Structures are given as C-alpha cells and as structure tokens.
Amino acid sequence: MTGRNHFELLGLPAVFDLELTDLTARYRSLQQQLHPDRHAGGSDTDRRLALQLTASLNDAYQTLRDPVRRARYLLQLQGMTTDDDNDTRMQPEFLMEQMELRERLADLHRHDDPRTQLAELASRTERLMQEKIAAFRLAHARGRDGLDQARNAMREMQFVDKLRREIDEREEELA
C-alpha cells in the first residue's frame, strides 16, 4: 500500500468527480483494516507500518473529500506546481469581485440585519465556488491542454474557499 497515490490507496480513479459516499465507505473500510489497534500484538515493524498507513489513509481521505485540495492534488499528480502563493496572476474581474465580497463581509456590522446579509454573502459565495469547480472540471477534462486553466481555476477556488471559511467564522460570531 505504500508508494501509492491517494486515489490508488482508496481504490478510486484519479478523477475530480468522486462520489463522496463511496469515498467515505472505502475510507472507513480501510481504516478498520489498518487501525493500529488491530496490530497491537504484532512486531514493532508491523505496528509502525500500521501507523504509517493509517496516517497516509487519513491524509488521502482529507485531501480527496475537499474539492479544493482534490483539485490541487490532481494537478500535482500531473506535474503542475501549485504552491506558488506569490503568483497572483488572476482575472482582474475575479479579484475585484473578491474585494467587493470581502468589503461586504467587513461591513456587516453596519447593516440592520447582518444575518440576512451574511446569508446572502454565503449564497453568492457558494454559487461562485460552484462556478469555479465547473471551470476546473472543464479545463481538467482537456488534459495537458487545459492544465494552466485548471490551475487558475484551482487558485480561484482557494480564494473562494478562504472567503467561505471567513463567512462561517462570522456566522459563529453572530450565533
């Protein structure tokens, strides 16, 4: 099992669109088989290997269940560099929209009904995420010819995902 990529480890095809219930079922099944407690009576090597495989399995599951992390991982498997946080080449329209959404989030306290405003922001952000996922899916399906566009869509997904997390934090603060 060692040396396999996340998809291979879980017995899944290396594709963006995964059935999350299948992913979870495969993860839980492997987790039961590999759990270190099942190897407590084994040798030190067996126990250490079980721990390493469990850690790999957990990492694989966490990566593949999240669409942003899954997109990044798929690009990495295809040799794309995805960790250049200094690369800010993005569509100006996208960046302007991000600034506007962040300003709206920052100005929530000025509204009479911040919960409604926050719900509208969350809804708009979710639609934006679905658009970016669709753009990634389309570009990635083009293979090598679409990798640059897929990388750009993944980077935009990261921005939108960060905004979603900030919205979630604000929702918790308002609760």
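A compact globule of 175 residues would have a radius of gyration near 16 Å, whereas this protein has 20 Å. That radius is taken over C-alpha atoms, and the globule rule is 2.2 Å times the number of residues to the power 0.38. Along the principal axes, the C-alpha trace spans about 65 × 45 × 30 Å.

Before going on, the ground rules. This is a predicted model, in which local features need pLDDT of at least 70 and side-chain atom pairs count only at pLDDT 80 or more, while totals for chains, interfaces and linings use all residues. Residues are numbered from 1 along each chain as its sequence is written, and side-chain values use heavy atoms, with hydrogens and water left out.

Now the fold. The protein has seven helices and zero strands, so the pattern along the sequence reads α-α-α-α-α-α-α, where helices (H or I, at least four residues) and strands (E, at least two) are DSSP runs numbered from the N terminus. Taking contacts between residues at least 6 apart in sequence, 68% join residues at least 24 apart; a contact means heavy atoms within 4.5 Å.

Of the 175 residues, 37% count as buried. Buried means under 20% relative accessible area, exposed means over 50%, and partly exposed is in between, with a 1.4 Å probe and protein chains only. The accessible surface comes to about 10600 Å², and 47% of that belongs to carbon and sulfur atoms. These areas come from the Shrake-Rupley method with a 1.4 Å probe; for residues, only the protein chains shown count as cover.

As for charge, there are 27 positive and 33 negative side chains, and the centres of the two sets lie 4 Å apart. Lys and Arg count as positive, Asp and Glu as negative, and His and the chain ends are not counted. Each charge is placed at NZ of Lys, CZ of Arg, CG of Asp or CD of Glu.

The element to look at is helix α4, residues 67-77. Eight of its eleven residues are buried. Which residues of α4 are buried? They are Pro-67, Val-68, Arg-70, Ala-71, Arg-72, Tyr-73, Leu-74 and Leu-75. Note that two arginines, Arg-70 and Arg-72, are on that list. The buried residues of α4 pack against α1 (6-9), α2 (20-34), α3 (44-65), α6 (114-141) and α7 (147-174).

After α4 comes Gly-79, with a positive phi near 85°.

Start with Asn-5, in the segment before α1. Asn-5 counts as buried because its relative accessibility is 16%. Leaving out residues up to four places away in sequence, Asn-5 touches Tyr-73 and Leu-77. Its side chain also reaches the backbone nitrogen of Phe-7 at 2.8 Å, and a polar atom of that side chain lies 2.9 Å from the backbone nitrogen of Glu-8.

Arg-4 is in the segment before α1 as well. At 47% relative accessibility, Arg-4 counts as partly exposed. Its C-alpha is separated by 9.5 Å from that of Ser-56, which is 52 residues apart along the chain.

Next, Asp-161 in helix α7. Is Asp-161 buried or exposed? Asp-161 is buried, because its relative accessible area is 10%. Its side chain makes a polar contact with the side chain of Arg-165 at 2.9 Å. A polar contact here is a pair of N or O atoms within 3.5 Å; within protein, one must be able to donate a hydrogen and the other to accept it, and residues adjacent in sequence count only if both atoms are side-chain atoms. Neighbours within four places aside, Asp-161 is in contact with Val-68 and Met-129.

Ala-122 lies in helix α6 and, at 23% relative accessibility, counts as partly exposed. Ala-122 and Asp-83 are 39 residues apart in sequence and 27 Å apart in space, C-alpha to C-alpha.

Last, Arg-38, in the loop between α2 and α3. Arg-38 counts as exposed because its relative accessible area is 61%. Not counting residues up to four places away, Arg-38 touches Gln-32 and Gln-33. The C-alpha atoms of Arg-38 and Arg-155 are separated by 40 Å, at 117 residues apart along the chain.
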